[in-house]
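Please view the sequence and the model together with the text.

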Amino acid sequence: MRLILNILWFIFGSGFLLGIGYGIAALICFALVVTIPFGVAAMRLAVYSLWPFGRTVIDRRDAGVASGVANILWLVLFGWWIALAHVAAGIAQCVTIIGIPFGIANFKLVPAALWPLGREIVDLD
């Protein structure tokens, strides 16, 4: 079931577009050397947004104070509007019965979009 949902998400549920958007943001962050940690976070979000079903985000306990400070900077500059876009897309997708799983996947992306550094994406298995 996860495979079918991931394929449908990739094609119809905006997974492809989200992956490209986060990937472009990561490349821009990699080009600006100072923002490489944000590029890593954006790339992590790109991979997660391509294939979200059967995976989850967990906190890494070994993340230091620097990731917390960078998360605050991310939240102020990027995170709040990215999370707001995921919430709006999730609400729009939940309007139809077929779109409910895609809306839930968008809601799963909200915490990762708000606070991406110091987190890890793992399989549910």
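Are α4 and α5 roughly parallel or roughly antiparallel to each other? The angle between their axes is about 175°, and α4 and α5 are therefore roughly antiparallel to each other. The model is predicted, so that local features need pLDDT of at least 70 and side-chain atom pairs count only at pLDDT 80 or more, while totals for chains, interfaces and linings use all residues. Residues are numbered from 1 along each chain as its sequence is written, and side-chain values use heavy atoms, without hydrogens and water.

**Helix packing**

- The axes of α4 and helix α5 (residues 100-114) lie 8 Å apart; axes are lines fitted to C-alpha atoms, for helices over the stretch in contact, and angles run from 0 to 180 degrees between N-to-C directions.
- Angles under 35 degrees count as roughly parallel, over 145 as roughly antiparallel, 65 to 115 as roughly perpendicular and the rest as oblique.
- The contact of α4 with α5 has 15 nonpolar, seven polar and no charged residues (Ala, Val, Leu, Ile, Met, Phe, Trp, Tyr, Cys and Pro count as nonpolar, Asp, Glu, Lys and Arg as charged, and the others, Gly among them, as polar).
- Helices (H or I, at least four residues) and strands (E, at least two) are DSSP runs, numbered from the N terminus.

**Aromatic pairs**

- The whole structure holds six aromatic pairs (rings of Phe, Tyr and Trp, the last by its six-membered ring, with centres within 6.5 Å; planes under 30 degrees apart count as stacked, over 60 as edge-to-face and the rest as tilted).
- Phe38 and Trp74 form a tilted pair, at 5.8 Å centre to centre with 35° between the planes.
- This pair links distant parts of the chain, with Phe38 in helix α3 (residues 36-50) and Trp74 in helix α4, 36 residues apart.
- Ring pairs also join Trp9, Phe53 and Phe102 into a cluster.

**Pocket and cavity**

- The largest pocket holds about 280 Å³ of space, and among its 17 lining residues Gly21, Tyr22, Ala25, Trp81 and Ile82 are the closest to its centre.
- Both α2 (15-31) and α4 (65-93) give two or more residues to the lining of the largest pocket, which has 13 nonpolar, four polar and no charged residues.
- The largest cavity has a volume of about 40 Å³, and α3 gives the most to its lining, with three residues.
- On a 1 Å grid over the protein atoms alone, a cavity is a set of points where a 1.4 Å probe fits but cannot get out, and a pocket is an open set with protein on both sides within 12 Å along at least five of seven lines; lining residues have an atom within 4 Å of a point.

Methods
Grid points are joined across faces, edges and corners, and a volume is the space filled by probe spheres set on the points.
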